[in-house]
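Student: I've got a model open and I'd like to work through it bit by bit. Can we start?

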Amino acid sequence: MNWDQVEGKWEQLKGKAKVKWGQLTDDDWAVVEGQRDQLAGRIQERYGYTKEQVEKELDDWVNDR
């Protein structure tokens, strides 16, 4: 799966994303709305990850869908 497909299925996949990144708030999710760069920024902010760590997590998550 690629990110365009994630955006198209965001409402279906958002629940799984919320489980994986549980520290994100409902406000975070409202801002993200399927946008990879927004999600990456929120994960980096909440978890203190480097940009590289976030990109790897997102790639792994998308590839597991």
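Student: Which residue just after helix 4 takes a positive phi?

Tutor: Quick ground rules: this is a predicted model, where local features need pLDDT of at least 70, side-chain atom pairs count only at pLDDT 80 or more, and totals for chains, interfaces and linings use all residues. Residues are numbered from 1 along each chain as its sequence is written, and side-chain values use heavy atoms, with hydrogens and water left out. Helices here are DSSP runs (H or I, at least four residues), numbered from the N terminus. Look just past helix 4, where phi is about 70°, and you land on glycine 48.

Student: How far apart are the end C-alpha atoms of helix 4?

Tutor: Helix 4 covers residues 36–47, which is twelve residues. The expected span is 1.5 Å times one less than the number of residues, so it should come to 16 Å. The model agrees with that, as the end C-alpha atoms are apart by 16 Å.

Student: Which residues of helix 4 are buried?

Tutor: Buried means under 20% relative accessible area, exposed over 50%, and partly exposed in between (1.4 Å probe, protein chains only). An α-helix has 3.6 residues a turn, so residues three or four places apart point the same way. In helix 4 the buried ones are Leu39, Ala40 and Ile43.

Student: Is aspartate 28 buried or exposed?

Tutor: Aspartate 28 belongs to helix 3. A polar atom of its side chain lies 2.9 Å from the backbone nitrogen of threonine 25. The relative accessibility of aspartate 28 is 1%, so it counts as buried.

Student: Which residue meets aspartate 28 in a salt bridge at 2.8 Å?

Tutor: A salt bridge is a side-chain nitrogen of Lys or Arg within 4 Å of a carboxyl oxygen of Asp or Glu. Aspartate 28 touches Arg42 and Arg46, not counting residues up to four places away in sequence (contact means heavy atoms within 4.5 Å). The salt bridge at 2.8 Å, N to O, is with arginine 46.

Student: Which residues does the salt-bridge network join?

Tutor: Glutamate 45 also forms a salt bridge with arginine 46, the closest N and O atoms being 3.6 Å apart. Salt bridges that share partners make one network, and its members are Asp28, Arg42, Glu45 and Arg46.

Student: How many residues apart are aspartate 59 and arginine 36?

Tutor: Their side chains meet in a salt bridge of 2.7 Å, N to O. The pair links distant parts of the chain, with aspartate 59 in helix 5 and arginine 36 in helix 4; the separation is 23 residues.

Student: How far is tryptophan 3 from asparagine 63 in space?

Tutor: Tryptophan 3 lies in helix 1 and, at 11% relative accessibility, counts as buried. Among the residues that tryptophan 3 touches are Leu39, Leu58 and Trp61. Tryptophan 3 and asparagine 63 are 60 residues apart in sequence, yet C-alpha to C-alpha the distance is 9.6 Å.

Note on methods:
Helices (H or I, at least four residues) and strands (E, at least two) are DSSP runs, numbered from the N terminus. A polar contact is a pair of N or O atoms within 3.5 Å; within protein, one must be able to donate a hydrogen and the other to accept it, and residues adjacent in sequence count only if both atoms are side-chain atoms.
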